[in-house]
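Me: I am new to this structure. Please take me through a few of its local details, one question at a time.

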Amino acid sequence: MINTLMPRKIMNIKTAAALLFFQLVIVSCQKEEKKTAVTETKTTIDSVKTTKTEEKIDYTNFNIFSLSIISSTEKDSDMDIFISVSDIYKGEQPIPVAILKNQKQMTYEELQHFELDAPSRKKLLDGIHLTENDSLYIYEYGSNKLQKMAVSKLKAVAYLSPYSDSEDLDPDSYMMGFQVATHQKTTDYDRYNNAIAYFGNKNPFVENKMKAVKWQKANADISKKYFSPSKLAPGKSYQAQYENMTYYLQDYLEEGNTVERKLAVINDHKEKIAEKTFSLAGSDGGEFLPLYGIDADEANIFQFTGHLFKGKPAVIFGFIAQSFGCPSISFLDKKEKDFPINCDNRH
């Protein structure tokens, strides 16, 4: 809804309003033409510890998804929860033949949202390499709640993208995926802002090891102590704690505006075990998300850290709100590539 890895995404199908998408919430094939620059993490041999588990997860061709919150009525308090898989589907979207054949005779309301017929459902499953025996795992990392749903019990549906031209609809005008819930009220659908989803035959998520990053102001001398010199002017400094690690965050300014943030992770031996840079350079409309504890309260938490994936190092995410493309989850280990969150953020 990755809060979101994540920006919140609320779409009013009736009025074709713009997406409001969260973070996180959680990390996949990015579709933006101009990408927000993120440098490679640097680590020492003494790296962030990895969670231990006997269950091994195959992370080859691994995909995670945000959850979209969609209104198909005029009431914004009545929402559907939907996961689009269009980002990873190859080829033309599997719209039922009857829809394409009869769309000229259908009302706009009828074209906005519909369930896929059996042949289209099978084509969708085959295209993303899923079977009816697989499961959907939704992990609400903000509240440590895990849901497991059988794919066979989920409706395969299509929602018209709010960016589609209503006068000239084709299969690519639709977001294709699975309906998780319908007619959710505000108190129910808010939970999906800080959640990510995965389809497969094993649960990849570590439970109860994530926490919000609560920042506080740090001494200005950390800029010289933990970060290499920059052509940009140093701004404010912050710090936070997770287990045996201290996180330091440094703002860098250009013409008085924060255009870059650097993160350094220090262990209890005062050694720098990870460093990462988040930059707005080259981004189109991207912006830094508020920092919890500094300029955001408990109702607006974006940065999360901890052990999220089985057999993987700790993660951190939630620094930049993407205008184009989807956010990513970063590992505190240079050997691990970011996990992009599939969010179907088309314009």
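Reply: A strand here is a DSSP run of E with at least two residues, and strands are numbered from the N terminus. D80 sits in such a run, β4 (residues 79-84). Keep in mind that this is a predicted model.

Me: D80 is buried, so which side chain of opposite charge is nearest, and how far away is it?
Reply: A salt bridge needs a nitrogen of Lys or Arg within 4 Å of a carboxyl oxygen. D80 has no such partner. The nearest side chain of opposite charge is 9.2 Å away, and it belongs to K155.

Me: With which side chain does the side chain of D80 make a polar contact?
Reply: D80 lacks a salt bridge. Its side chain still makes a polar contact, at 2.9 Å. The partner is the side chain of Y159.

Me: Where does S86 lie, and is S86 buried or exposed?
Reply: S86 is found in the loop between β4 and α1 (97-102). Buried means under 20% relative accessible area. S86 has 8%, so S86 is buried.

Me: Which residues does S86 touch, leaving out those up to four places away in sequence?
Reply: One of them is M175. The C-alpha atoms of S86 and M175 are 6.0 Å apart, although 89 residues separate the two along the chain.

Me: How many residues of strand β10 are buried?
Reply: In a regular strand the side chains alternate between the two faces of the sheet. In β10, I196, Y198 and G200 are on one side, while A197 and F199 are on the other. Both faces are covered. For β10, residues 196-200, the count of buried residues is five of five.

Me: How many disulfides does the structure hold, and which residues are joined?
Reply: There is one disulfide. The S to S distance is 2.1 Å. The angle about the S-S bond is -95°, and the link is left-handed. Its two ends are C326 and C343.

Me: Which parts does the pair tie together, and how many residues apart are they in sequence?
Reply: C326 lies in the loop between β20 (320-321) and β21 (328-331). C343 belongs to the segment after β22 (339-342). The pair therefore ties together parts whose separation in sequence is 17 residues.

Me: Are C326 and C343 buried or exposed?
Reply: The cut-off for buried is under 20% relative accessible area. C326 and C343 are both buried.

Note on methods: Residues numbered from 1 in each chain as written. Predicted model: local features only at pLDDT ≥ 70, side-chain atom pairs only at ≥ 80, totals over all residues. Heavy atoms only, no water. Disulfide = S-S within 2.5 Å. Helix = DSSP H or I, 4+ residues; strand = E, 2+ residues; numbered from the N terminus. Buried < 20%, exposed > 50% of the residue type's maximum accessible area, 1.4 Å probe, protein only. Lys, Arg positive; Asp, Glu negative; His and termini not counted. Polar contact = N/O pair within 3.5 Å; in protein donor to acceptor, adjacent residues only side chain to side chain. Contact = heavy atoms within 4.5 Å.
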